Structures are given as C-alpha cells and as structure tokens.
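User: I would like to learn how to read salt bridges in a protein model. Could you take me through them step by step?

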Amino acid sequence: MATRKKSLLKVIILGDSSVGKTSLMNQYINKRFSNQYKATIGADFCTKEVIADDRVVTMQIWDTAGQERFQSLGVAFYRGADCCVLVYDVTSPNSFKNLDSWRDEFLIQASPRDPDHFPFVVLGNKVDMDNRQVSTRRAQQWCQSKNDMPYFETSAKDGTNVELAFQTIARNALAQEAEVELYNEFPDQIRLNTDRNNRNGNSDNCQC
Amino acid sequence: MSDDLPDKFDLIVIGTGFPESCVAAAASRIGKTVLHIDPNEYYGGVWASFNLESFCALLEQGGNKELRNASQKWHVAETLKVAEAESDTVAGETNIKTDAAKQNVLDWSRETLLQQSRRFNLDLSPKILYSAGRLVQLLVSSNICRYAEFRAVDHVCTRFQNNIINVPCSRSDVFNTKDLNIVEKRLLMKFLTLCMTYGEDKTDEDALQFRGKTFREYLQEQKVTEKISICVMQAIAMCNDDTSFEEGMARTQQFLNSLGRYGNTPFLFPMYGCGEIPQCFCRLCAVFGGIYCLKRQIDDINIEADTNIASVVLEGKTIKAQHVVSAPGHLPNAFLQRNVGVYGQAELVNSLSRGIFLSATPLGSEELNSGGGGVNLLRLLAGTQEAILIQLSHFSGTCPKGVFLFHITTTAQSDQPAQDLAPFVSQVFNPDDENAPKLLYSAYFTIMGRERTSATPNVDVSTTIFCTSTPYYELDYDKSIISAREIFAKLYADAEFLPRAPDPEEIVIEGEDPRALSENSLPDDLREQLRELENSAENMDIEDTDAAQAGECTQEDAETQNMDAD
C-alpha cells in the first residue's frame, strides 16, 4: 500500500500578479497566448500527460486563481505539492525581489518533509519584451544560492523555453515523488469523484 | 492595495467561515461579482484549523469575538531534559502507572510538541461527514470535491460497561467482531436489514404502530439485547431516549445509506482538518472571478435609503454592493451601534463548549487503533447531555506521528467549557484508569453562537444585509448548508445553488477572451446538453447503487440462512 505509485503530480505556480503564470500554463497546455490581461478568472488547474524518465504521468498544474493578488492564498492551495514553480517578470525587478518571499511562503505553508531538497523551478518570463530589467546573471546567481534551483528564461507569448521548462518541472517533481514514496505519509486518501476506484480498493463490504 | 479594487460588486461577503464561503462560491458560480473579505489573516474564521503554535497563541490572547472563555494547560514539562530530571514528579502528577505509558509521555515535552507545530491542524469546529450526506453530495455535485482529499473514519465506537467497543459497520465487521456473540450478531443484522427496507411494505405496520412513539420503544419491541440497543442508539442512530421513532429510523437509514461507499465506516474526515472545507469553496469562488482579501478591516456599512445599496467602508475606501453577507462576529461596531433596535446584537445562544486534547496514546484497545491509530468516532453521554468525541491520528494530517488528537464538542450549558465537558472528559481521560490516554496538553474554549430572538430582530430582516449562522451542534454540516442555501435563495431567488463546475479539460477556449472559460458563457443549448449528460451520468450512479444494494440483500439472506443452519 505504501509503495503504491502516484501517477498524479501536483505542481503549483507562484509569483506576483501579472508575471504571466496563467499565460505560461496556457502556452504550455493550449499553445495559446492572450495579450489581454485579466486578473486570472476561470483558471483552475490544467492536466497534461507527460513522459518523464520513461514513465507516463499526469501533471496537474495549479494556478493561484488570482488569490495571490491581495496576498490571500490559503494553506489548502499548497497541500501535497510535488513541485513549485516560481515565476517573475524580467521587466519587473520587484517581481524578482519577491521570489524570496514566495519561496519562503511556500516552505512555511507546504512544510515539505525535506525543505532543502524540495524541487523548485524558477522561470523568468516575458523575455520577448525589450525593456528587460533583471539580468540573467543576477537571476542565475540567486537560483544558485538557493540550492541550485533550475532556471529558465521563458516567453509565454512566443513559447520560448516553455516546453523545456515544464519538462524539467515534471522530471524534478517525479524525482521528488520517488523519494516521498519511501515514506508515504498518508496512505488511503480518498478523492470523492473517483468514487469507483476507492470502492474497488478498500471496501471489504462485499467479501464475506 | 485596496485602491486596486473595483468600487462596485454584486455581493460583498465578510468572513470566510463555512456558510459565508458557501454563499460566496454559489454567487460567483452564477456570474455575480463577489468581493470576499476576512479581517483575520487566515481562512475559516471559527471554522478554521490552526497549527499548534498559532492555536496556543490564539488561546493565550483570550480568543476573539467568536471564541471565548479560553484556557489551556500543558501536562508535560517544558523541555525533555527537565522531564527526565523530574520524571518522578511528572509521573506522580499524572498518575502514570505503566512503564510503557510513562515512556510515551516522556517522549514529548512542550518544546518537542511545538517543534512539530506545523504538523498540527487543530480544528475549532471539527466535523465528520456522512459518505452520502449533504456535504459530500454538494461537494460532488458542484465539483468542489476536486480540491479536497478525505480519510475514511476507521471505527465507530461506543461505551459499553466502561469499555470502549467497536460498533460493527460492514458485514464482515459484524461477523468478525469479538464484542458480539452469535445471537447478537444475528439480531443486529436482522434489525439493520429491517431498517434498510423500512418504508417498503414489510414495515408499514410498524410505521403505523410506532407513530408517536420513541425509537427506543421500537428497539425494545424488536427484542434486541442491551448491547445491541446501545450500539444502535449511541452509534448508529445517535439518538436519545426521547427521539421519535421516525427520526431514529431516518438516522439509522442515513447511516446505512452511507455504508460501503468509501471506507469501512459510513464516515469521512477531511485530510488536514475541516479548515480545508471553507477554502475549497473559496477557491471555486476565486476561479469564477471572486476577489479575495484577507486581513482587511471593515470600518462601517451604510445603506442608501431609496436604493437599498450597501456602501461598505473598507480601510477608508467605499465600495458599493447590492448585498452584504457577513459572519455575525464581523459586522462593524459603528454599524451595530447606529442600528441598535433594528440590528441590535442578538442574544447569544447555541454556543458550543469545546475541548481539544493531545495524548501520546490512543483511546481504547489495540484493535481499535491498529496500524498506528485510527480516526475514530465516539458519542458520549452524561445524564441528559451528549458530546461528540473525534479521535484523530497522524493519518488524518492533523497531528504528528506518535500523537493523538481528541476533539470533544457539546452544547454549551455555561460560560465554563471545562465544567460543561468535565463529565465527558472524566469518562475517557480518567487519570485513575491505567488504560486511559495520558494527556500531554488540553485546551477549552467556547464557540459563540448567535441566533435571532423575537425581541431583537437579526440583521437579516433587511433585504441588503444577511447574517450567516455559527457552527451548529451536529456531526455533519447539514444545518449549515441549509442556512447558507436559505441566504442564497433570498439573494437570487431562481438561481441554481452551486451547479457543477466544469473540469478544466471540458473547457473549450474560444478565441482569446478569458471570459469564454466560464461555462456560463456557453450557449444555452450547449449548457442544456451538458446538463442532460450530467443527469444521465447521475442516474447511472443511482442504478449502480441500487444494484449493489440488491446484491447485498441476497447475500444477507444467504448468511441468515447459514446462521439458521448453525
């Protein structure tokens, strides 16, 4: 029971408002981009089947649903994350500065078992813009100082590096999950909509 | 930051407790613009869960408007080192008799417990869900269930002659239990089968015969033993001596209908505590465009006389709204003072006396706590009073490994929760009983209730401002859902309450307008089609359940025959 493979990876995307979290998701899943900014409405989570390390896994990417706008993300959002993607906007130094507090916030709220080795991936978004303010070197240095987090410069608009970044995210989430499996904290969790699966698994009501 | 907010909303909701979050989600779901505010820095209000450190801090500061009469006590030493040095005194104080229990207690100190603070999720208002109950149905039908995970309650227990026994739930439970003899097993199965088919022709006579009588009288008529009677009365129907026959029958059926869906018992507990539930509703609200602002104070609310539009003053900024829904404790003082007589503070009734206890050992036998400890439910009686006890192990995500968390809830009789709970606490944590769990920490508080009285009309007499209800004394969320729905119906009379939200993969992105992401913008005919599909899918479920039940009945008959052969 404790070694049951989790085929679902939960990835959460964090970062200041309007750095392009939802757009990155949309580019990755739907290969679409919208210039029209609207504080995230309707974005919930996206699922995509990915092949990482010869395994097919379902990656579930959770958007903040706009609740970060007034610093109002609840702890429930962070539960059970396998990977955390930190996004900033290369044209906004503030959004880069805030990555520190987003990372801390994640570690506090999600309180992963092994905070030093929890997989983060950092994305510097909007590299297609010409008013860049945060240099690649500065971003890389910061990532190195935090246990060498992988860093990608992306454009949700033209798709630069988006596929590559999410592949890394999937692989790192999977690696994390392999370790967690050794001591699965909460076996036998029930999801209500997968009613049938649970029924087949645990119920002993029909075998007597 | 408030400056970024729009200055007009359809609905402003104050407080992020369960009923407020329900209304916010439902309004947002049908396309209303919603601003959801909470003066606290956390979600859930009086429905929230806390880590150990923040819980202790909340009690230390004496609670708040909604949580009062707080007290807490550490039953272990400050640090482990001290504990070892003074082990004799510690042992003397807590009456530890066995070495093993002594060792367990000594594994913990205030310091070591607080080090694991974030592994705790201490519910102010803990609940247990019937697997086929109102909340589970709502979570599934609205698709909010995708935001939460659950754990099946491992055992339903009852006290019988000072022992805590497991109430067999599944058929295999009944046959495996050592607590019942063969005759009792047969009687219990027979009785439960009878209840299952109640309403069908077989028990029509009973229905007539027992109308106006109590469920207890009905049980006596069935000639069940005292033990069976207690199992049924305490754990299955959860009723009292004066519960009517119809009510007892309905509750037994509720229990039976929830069996066999998920785990071994008919009950579920939300992973990481019940504080997750309001947040799930808030997320749905946010996904459909609701705006969230924690840590914001409402200074005042004014109502325009001719239009009935509310002006909410939020940290100096005025925001207009058609309606305001607020948790009772969050209406601003300025507003209440100005409206004494009309909006006068209602009398405080329906309060709850709560106890939270931590122990290094579980309650009851090894069997009840196999595999590291069960999530167990136990209803306690003392005279005419009753209380609900929920034991949680680390499997529920609410406490660290090696610690057991106990919630006891009863209706408040006084403003001294410790005194209200004493008759129940002494039943389970009796220091003279060497098998009783040894306490590491205990806390008491009152969850303030509030309900309108005829003398002082509640704020919901107005057509603009509506007050939600505080947690009820009930196992599940039934009454709270009903009251949230009532408010929603007053706001939007003909609208559907939380129709199913589409799964992300069902959403077709049309063009580049993010608004197209909402199901509401689907053409009517497509929406209709979706509904039809959903309905037919639901019907399939029902048929399935019927078939399963039919199967069970046949098995049951076979078993009864086998036993008769014995």
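Analyst: What follows is a short walk through salt bridges in this structure. The model is predicted, so local features need pLDDT of at least 70 and side-chain atom pairs count only at pLDDT 80 or more, while totals for chains, interfaces and linings use all residues. Residues are numbered from 1 along each chain as its sequence is written, chains are lettered from A in the order in which they are written, and side-chain values use heavy atoms, with hydrogens and water left out.

User: What is a salt bridge, and how many does the structure hold?

Analyst: Side chains of opposite charge can pair when their charged atoms come close. Here the term means a side-chain nitrogen of Lys or Arg within 4 Å of a carboxyl oxygen of Asp or Glu, and over all chains the structure holds 17 of them.

User: With which residue does Glu68(A) form a salt bridge, and are the two buried or exposed?

Analyst: Glu68(A) pairs with Lys21(A), their closest N and O atoms being 3.0 Å apart. Because Glu68(A) lies in a loop between two strands and Lys21(A) in helix 1, the pair ties together parts that are 47 residues apart in sequence. Helices (H or I, at least four residues) and strands (E, at least two) are DSSP runs, numbered from the N terminus. Both residues are buried, where buried means under 20% relative accessible area, exposed over 50% and partly exposed in between (1.4 Å probe, protein chains only).

User: How far apart are the closest N and O atoms of Arg132(A) and Glu153(A)?

Analyst: They are 2.5 Å apart, in a salt bridge; Arg132(A), at 32% relative accessibility, counts as partly exposed, whereas Glu153(A), at 16%, counts as buried.
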